[in-house]
Structures are given as C-alpha cells and as structure tokens.
Amino acid sequence: MRKIGIDQLEDIALGASLLGAGGGGDPYIGRLMALGAIQDHGPVTMLDPEEVPDDAFIVPIAMMGAPTVLAEKGMMGDEFRVLVDMISKYYGKEVYGVMPIEAGGVNSMLPFVAAARLGLPLIDVDGMGRAFPELQMVTYTIGGVKSTPMALCDEKGNSTIINTVTNKWTENLARALTMEMGGSTSVILYAMDGKTMKEYGVKNIVTRSEQLGKAIRTIKEGRGTPQENFLEVAEGIKLFKGKIVDVLREVKGAFNIGKVVFDGINEYKGQSAFVQFQNENLACTVEGKILATVPDLICLVDTETFIPIPTDQLKYGKRVLVVGLQCYPSWRSEVGIEIVGPRYFGIETDYIPLEERAQNV
Amino acid sequence: MYRLGIDVGGTNTDAVIVDDQLQVVAHIKTPTTEDVYTGIVQAIKQVLRSSDIDRSQITQAMLGTTHCTNAIVERKNLADIGVLRLAAPATLGIKPMVDWASDLAQIAKEVQVIGGGFEFDGKELAPVDIEAAQAFFKKCSQHGVLSVAIIGVFGTVRDDQEVETGKLAQEILGSNCHLSLSSRIGSMGLVERENATILNATLYKVAQSFTEGFERSLQDENVTNAQVYFSQNDGTLMTKETTRDYPILTIASGPTNSIRGASYLSKLKNAIVVDVGGTTTDIGTLTNGFPRESSIAVTIGGVRTNFRMPDVISIGLGGGSIVRETENGITVGPDSVGYEITKKALVFGGDTLTATDIAVRLGLAPSVGNPELVQHLDQQLCQQALQVIKELVEDHIDAMKVSSEPVDIVLVGGGSIIIPEQLNGVKKVHKPKFFETANAIGAAISKVSGVFEQLISYDQTPRDDALELARTEAVRQAVENGAIAETVEIIDIEDVMLQYHDGNVHRVKAKAAGDLT
C-alpha cells in the first residue's frame, strides 16, 4: 500500500502516454481531473493486487467514446459515484476498490478521479498493460470474464446498466448508447472479484507507468546516454531510428488507420522502415522484414526528449525512435493472439514475440 | 501615401516606412527599452528622421509588439477578472485554472461553473442558468471586476449562449465591461480554450495602454492622418478596437511578422523562413504567403492554451552564439553573448569566440567588425564550426518541411550572416534586400483575415457542401474585419476526422485574408 499524490500522478500520466503505444488519447484532460480530485480529497491509496482479498468486489473505471469530445465536454465529476452506486446495488455487493482497465492514454487517469472522490483504494493492475481500441480486448476475456453487467453514465446524469450475450454485443450497444449520450460516457465494466483480478489482470502496471514516466522526465540525469537510459528502464528493444518521410491515413468507422514511413538516421542511415497503425501502432517493418507486431507494444518517441508521439500527431520530418516493449505474457497465449494478434487487425503474419524476431535480424 | 511599420522584439525595436507601392523608403533598428514605450517613440523618431517624407502622407501605422507576452510572463499590469463557464453539470470534474501557477491564478476574483453548454452536434446540453449568472456578475461587481471570461462547452459549435451571457454581464457590470468569449478566441478543447480566454480577459488593460501609447506617440511626432493597426499572430492586422477586444492575439506576432516580411521581400508564397537573431533562430513555414499554424497546444507563461499560434521552432543559434572546442568536437551555442556582441565578440575587440567571428574569418560577412582580429583563427576549426551550424539549421529546416522535396529558404534577421548559402535539402537560399528588418516590413504590409471552424457530420452535410460553407463564412468574416471584398482569398482550408467516434464527423476549418481598405 502506498499513497499517490500529485507528483506521482504526473509521472504516471507521462508513462501512460508511452503505454498508449500511439493511441488511447492524450492523458492531459484525465490528468487535470485527477489533479483536481487529489487537490480536493487528498492522495489516493494504491494497493498491490496481492493485498486485495479474494472475495473483494472490484470495478474497473474508464471512459468510452471520442477523447476529443471528452476534452471539450469534461465530466461532471460525480459520474463515478453514480456508477459505483448503481453497480453495487445491482450486484448487492459493496465496492472494495477501483482499477484501470487500460493503462495507456486518458483511461489511465480516470480511476484516480474515482478513487480520490469516493475515498476508495486503487488497485495497481489493469486489463491490457497498454491501450487497445475495443472493449473485449482485455486479459479478462482470456479468463472468460464477462464484460457485462456494464454501467454507463453521461455528464448530464443519465445512466443505465446493460446486459449482453457476448462482449462483441457489449461493444456495439455501448458505442451506440455513447453516441446518443453525446459522444463520451463514463463506464464500469468487467466488475469482478479479487481472485479473478489477481489471476488475469496485468499486475503492477501503474507502478510501471510511474517508473517509465519518471525515466522520461529525468532522462538526462542517468549514467549512460539518454537513449541507453531510456531503453534500459523501458526494457525496450530498439527497432529503428528514423525521420518520418510520409504519413498515409484512411478512415474506417471510428478508427484512424494508416501507415507511417521512415528513412533511417544515424546507425540506420540508408535503411527504411514503416509502422502500421489503427489508433494504436500495430506492426513495425524494417527493410521489408517485420520486427514487431501487436500485442507487443510499438512505441514512437521523440529522439531528443523521448516524449511519446501519438498516431494523430505523426507528421513529416519528426525524428523518431521506434521501440518495442514486450506485452503481458498472457496476450501471447493462443486465446490472447486470437483477440489481439496481428491477424485480428488485418496484418497477415503469425505472431512471433518481439525478442525472437529481434534475434533473427 | 506611406505606411509606417514597427515591430518590438525581445532585443530590438525595428521600424520601416513603405510607400504605396510597398517599396521600403526607410528602415532603422533601435534597442528595445525596459518600458517598451520609450523604445517605440525612439523608433518612430529615428525612422522619420532618416527619411524626408511628408508626415501627413502617412495614412497607416502598424505595430507588432511583445507587450502581452511580457505582461503574462512578468505578471505585470494584469487586470482582475471573473471566470464563468457555461457547462454544468458537465465539466464540474475539472475546475477552471486547476493547473495554473498560484501567482497567476489570483487574477481571477470569482470563478464559477454554471448550467449551460452544447453537445458536439449543436444540441443544447443545458440552458444557461440565468439566475446563477446574475448572481455571479453581482459578486464580480463587488470586487470591482471590469473584465469577464465566458466559456461555453462546444462554444465553437454554437456561440449563442456565450453571446447572451455576455450581454447579461454588461447589463450588470456596465457597458464598458470587457468581454472575452471563448468562441472568439480558441478552438476545440475546453481547458486550453478557457485558459486562452482567461489570459485574454486579464490583458485588457495592457492592450488599452499600448494602443493608446502608440496613438499618442504618433501624434507627438505629428503623424496625425494615420489609421492605426496592430499585428496579430496569423500575419494579419487588427484595428485598435479589435486589439482591445482580443489582446491575446498579439502574442507571437513577432515571428509571424518576419515570416510575412520575408515572403514579401523574396516574392515567395511557399518557403521556409529562417530568422536569425543574436541568440536564437526562429524557423517557420510560409504557406500561401502566411505562416503555417501550430497544430499542438502552446504554453504561454506556464499556461497551456490552444488559440492559434504560428508553427515556429526556436533553436539556440544566433550571431552571438558562443563557439567552444570540447572533447566531443566543436559546439556552437545554445548560450550566446546576446546584445553584448558588439563588446564581446572577437571581431569587435572582445575575448569570446562567437558564430559571427567564424563567419567573418571564413569570408561570409566581410564587412562586420574588424576581420584582422580573427585572422589568427585556425581555418579548419572554423570550417568545423560552420559545419555544426549548417547541420543544426538543416536538421530543423527538415523538421518543418511537409515532404522530402527540396524547399526554398528565405534568410532574414540580423544574425543571418552566420548561415552558409549552400544547404542540403534546400532548393535555393534567398537573402533579400532589407533582410535585417523583415519583421517591421511584415507589420507594414499585412492584410486582414477571417476564420471559420466547426464540427460537421459528413453524413448530414456532404464534404463539398461543408467546405463551401467554410469558405463562404471565412470570406464573410474577413470582409467584416475590414478587407476589400474583391481582394479576399482563401489562404487555408482543412478537415480532420474525429477519432474514436462514429457518424463521420469532421472538424472543418477555413481562413481567408484580403487587402485593407
């Protein structure tokens, strides 16, 4: 158990933009809400997953919809109380604590808002270890946990609980409701007990996010070169270093799909590479050879500041270090690959772990 | 008929006079003074002295100034204000000014979030809570507040609630109460737009004082027939009244003016402009004759905002940059001798090796200082230093490009002598006449503009219709702002899809500009 105050929160937000792997939305608006909540209610208590009893009732907290809409029409702040009350009544159980469902992007911050405002502990765990675009893409799906009953609430105070037959139905119904409610909603889904959380969740991901954020913030203070320090703390595999020479985008449904092309710089001079994305980065190909795919994290960071660059900010001329981070091990299982492997996103290749691909270069 | 253009920069205040063919008649440079005003008066005096034109023939006078930036950074002359957000129950989770430095946040005497706001598609989120608004303005009046910031959720989609609430503010606080409406100031993104609106509200006194000061100094110098204009950061002009309404739009007008001046002097509409000063180099992109806008949030005095700003990168390289030999080779900058260059650089008899000394030794700037004082410098060392400068500039020029095609470069600013004329990735380096005062020229030749921005669903309004609407509205706005209708052109139009959102919704934006009447 430890306390998370404003300083730690800043680092977690920065780390979360790295774990977003190009997507997940800018954590800024979430960070402001969390900042305000901590200023008003004091630091948040964060529990290690092992400190949580098996029968404790835990709820993930997130937003659904367009981060751009959330950035304009922020929350009323009381959504989480409504959600927690509603889900608690529905299950007939007291909520023990909250947790993030997605450690990357804006959703990394909202559980802090809920925890601070409701005086509930936050569990150091999530269901992705990164950011993913669809709500069935969580490690809990591997464990057969159902996404519903799912509670939704908008900033006007409208709320509902839905029950569905599959997680895909949840995605469809929840997205339709979200659109009708004005483009962004606060949600609780995948409510579960402590035992399930410990078995399937990505443990200590918030702490990892904080370490990553701190490493980026203090990158110039380490022993080695900033790049060495960064790769060491991120436990990252350097995939490429290059200058963006082209960004190709197309729009399919609610997704920003495309490809960013690089010309090598420094030790990669003369080589070329590209990264495909669907909100999040999906695959990295260097000199015609795939070096990494989902579910491993492919992160693009500025070569000078090591600040992560989201896919909607890619533009010509940016100098970028492409880094691969290993995904949470259970994503590498057969079921995991089915849910979030390269073929699910239309990339016709088998999933081979990043570190194995790297050895064959 | 003549125009007088003045640009107040961090180091120098520049002034030019151009004739009705926009030819430069006179140009001068004088140090920027602590109180800025004195520097402006000096500049006007000097530029008038250096030309013998009939002062009554000066019909337009333009000022670009750093007053507003300085006021925010130094927390000086900021007015007490009220901040009212129309949004509740939405956004109650984010307090206004939550991450502001406390010494700056105290400008807001009353802050409240009341019922109001719209959805992204223009539906009403909540009606304005009129009673709460009235009570709020009454509290403001008890503090003697004479300026209010009003921010409505999705005010960029529909502004009627902000306008109505503004009227209410003036009914209670008096018709001279200064109004800052977010729909007129920032773009999508509530917190950033709110921040920009708050800064605008607190700057109204500063704007009052420099607009009055400029007029007074012109009268003191017998320039009595001139219509007065002020530079804004999109490369166009505002009237005195508009400047008082939107002082924040003057921020970063300096780099913008040099980009516009460079465009005019080089006769190029598309190029990258490299403005080299004593300490820093600003690199900006000229697109269709105007500076390209930054697409990311911009921080002013520690406050994150999203009102339009030119997309400019600043690097620590200038005429006064200090050159050193280290274990890892030669370094140039980022520190500089700055305004002391005429004392400290070797060519001026000083003891510090600067980028200017390198340029003089290599024959790039033969007429600066005394070349004999740098004859002893090792030729090879100087070549290496020049290579460092060249690569630094090339890298940053490249970062500003939108494709790998070679581009035209326009070099301006007093320090530009240190930049070699052969650069990789560059079609041609242009160094126009009067390059030293490109910023004041930029102020003198500016146009007036209009903008349009809205979220539009292409399922309801087809793309072509949406773009046409954007163009028409931007042109209408430009004419309203004083442009001659026949001269107005669309200078920028773009549409970007909203992510993680169904319904094919796009953010559509257009900008138009035309000549002054």
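Visitor: Which domains does the domain assignment of chain A give?
Guide: Before that, a word on what is shown: this is a predicted model, in which local features need pLDDT of at least 70 and side-chain atom pairs count only at pLDDT 80 or more, while totals for chains, interfaces and linings use all residues. Residues are numbered from 1 along each chain as its sequence is written, and chains are lettered from A and ligands numbered from 1 in the order in which they are written. With bounds that come from an automatic or database domain assignment, chain A is given domain 1 (2-205) and domain 2 (234-359).

Visitor: How many residues does each domain of chain A bring to the contact between them?
Guide: The C-alpha centres of domain 1 and domain 2 of chain A lie 26 Å apart. Counting two residues as in contact if their C-beta atoms, placed from the backbone, lie within 7 Å, the contact takes 19 residues from domain 1 of chain A and 22 residues from domain 2 of chain A.

Visitor: What is the pLDDT average of chain B?
Guide: The pLDDT is the predictor's confidence in each residue, from 0 to 100. In chain B, 98% of the residues score at least 70, and the average is 89.

Visitor: Which residue in E9 of chain B stands opposite B:Ala61?
Guide: Strand E4 (residues 58-64) and strand E9 (residues 227-231) of chain B run parallel and are joined by four bridges. Opposite B:Ala61 stands, in E9 of chain B, B:Val228.

Visitor: Which helix gives the largest share of the side of chain B that touches chain A?
Guide: In the contact between the chains, 34 residues of chain B meet 36 residues of chain A. Helix H6 (190-202) and helix H12 (379-400) of chain B each supply at least two residues of that side of chain B. The largest share, three residues, comes from H12 of chain B.

Definitions and conventions: Two strands pair if DSSP finds at least two bridges between them.
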